[in-house]
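Colleague: I would like to go through some local features of this model. Shall we take them one by one?

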Amino acid sequence: MRRKRSKTKKSALALRLMAAGAFASLAPMLPSDDPVLSGAVSVVLSPLVQLAQHASEEGLHMILDTVSLLLPLHPDATAAAAPQLIPALISIWGNHLDDPYVSQLVNENVAALSKISGLLPHLQAAFGPILVEVFGNPSNEQLPGVVETAADIATSLVINSSWPLPDVIMNQVFPLICSRMVTTVDNSFMQSGCSALLGFIRCAKEHLLVWHDGQANGVQYILRSLHRVLDPSLDDPAALYLGPLISKLLEHLGNQLGDGVPQILTAALIRLQCAKLSSLQQSLILVFIKLMRSNPSATVQFLNGSQVDGQSGLQFLLTTWMAMHEEFHGSYHIKNSIFAMSKLFGESTLDGVAVPGDLAIDTTKGRSSRSKSKAAERQMEPLKVRIFKLLVREHMVIIEDLTRHADPDSGEDDYDVDQDGGDLDMGPFEDQSSSFQDYEDAFDEGLIDDAYDDDEEETDPDVLADPVYKINLKEYLEGFLHELLQQNQQAFNMFASQLTEAEQDHLRKFVFGPKQN
């Protein structure tokens, strides 16, 4: 009989976990103000937390995963359960430091809790001493996932916080992360450490110049870590988040760094020249893309005065950027690249710059896509011609994606690309389209381009507040091309004559033809 009871208990536990998981999956479909949802979250959370203390490894994974899904559903119910949930997460993590999946799930729960109004101070007070203990114990580096999880938790505790930070976070956790960044050989921690420092920069901003622990101020600590990650001898994965860290530092503290800015940018160019991993290359190119957005003339001047591998920094960056643009991934990064390229049209100093252009291969068959097969030989062409081609091709991809989304069974997979160029007389098309939206208006709230939505949720508040993040790329590109035509039709026709026949037809039909419904 005892064995039967044991089986019954195990079956009941499994059913409860499955029921909680099913609820967590279905609950997001309910309105957030549904009283049933509030009551159900309150009822489900407490028993799950109690079960987690005694669950098997597999059961614990399921519970933590389910709890992380429940936490955002009803903030008030979550806040009410927080006094029980926060110490439970600390206890679970401490008892399972050798389980990297538990560490990951604890971090996901802390990240979800940190977004609930009023809970950050409680999380900082509870987890701050734990993080000090984790970072201060060298043996923890031997446990997979522990120190990087601690850095990820630190990120959650500071990135949405306001200044001042609690003493335990700023005076103990911050220096420990920076010190470990300088000495560690753990690539995963270097990535998580960069994210944590990015969070401290966003929270503290200019206060990092004033804060001092008797050894260095906050900016000096960050610069030491930054120079370590900039070291070309490090593996590429260790520097994966180097670009965002540099951009965040320049965005919030660039005016206070003085001569440190050109030193950082020169080191970034050298790191880019050595990088082999495309994600790292994109990350570093975006540092300069964002500078091109805010101050193209000064950025061009700096790059012209730099040398990389026997050529000017400007030539090196533009060549690398133009070659890699079609491999960029992430909606925000693509939009940044497109917006910055459009700004370069106003730089007369770039009129004589040439970059590698199209591949010298036959593409009469196949698609006009953002990613193309690689080949060794490319034809040189003026920079602005290259940019014009890339912008037109981006518009082609948007239209193609929108068409496919509207009619997934149409069978119209791709555009055929004809390499034969031709002269494009844009005159007859000037009056065919109805009034177009000014391309600056494409930044309006709510006009996020469906064709470039990310599957991955963007969490950086600075990114979410950037007008480029909300840009409607289709409207922006159409407005830009119309304005370019109106400003200088002769130059526009010269650019258009370098397009393939398919690309010219696309302009006639979708940009300068009658307005598409």
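Colleague: In which loop is Asp309 found?

Modeller: This is a predicted model. Asp309 has a phi near 55°, a positive value in a residue other than glycine. Most residues other than glycine have a negative phi. Asp309 is found in the loop between strand E1 (307–308) and E2.

Colleague: Is Asp309 buried or exposed?

Modeller: Exposed means over 50% relative accessible area. Asp309 has 61% relative accessibility, so Asp309 counts as exposed.

Colleague: What is the relative accessible area of Lys205?

Modeller: Lys205 also has a positive phi, near 50°. Lys205 lies in the loop between helix H9 (187–204) and helix H10 (207–210). Lys205 is partly exposed, and its relative accessible area is 29%.

Colleague: Which peptide bond is cis, with omega near 5°?

Modeller: Most peptide bonds are trans. The bond runs from Trp163 to Pro164.

Colleague: How are H14 and H17 oriented to each other?

Modeller: Two packed helices are described by the angle between their axes and the distance between the axes. The axes of H14 (residues 278–294) and H17 (residues 331–344) come within 9 Å and cross at roughly 45°. The two helices are therefore oblique to each other.

Colleague: What arc do the buried residues of H15 cover?

Modeller: In helix H15 (residues 296–304), Pro296, Thr299, Val300 and Leu303 are buried. They are on the same side of H15, because they cover an arc of only 100°.

Conventions: Residues numbered from 1 in each chain as written. Predicted model: local features only at pLDDT ≥ 70, side-chain atom pairs only at ≥ 80, totals over all residues. Heavy atoms only, no water. Axes fitted to C-alpha atoms, helices over the stretch in contact; angles between N-to-C directions. Helix = DSSP H or I, 4+ residues; strand = E, 2+ residues; numbered from the N terminus. Parallel < 35°, antiparallel > 145°, perpendicular 65-115°, else oblique. Buried < 20%, exposed > 50% of the residue type's maximum accessible area, 1.4 Å probe, protein only. Arc of directions from axis to C-beta.
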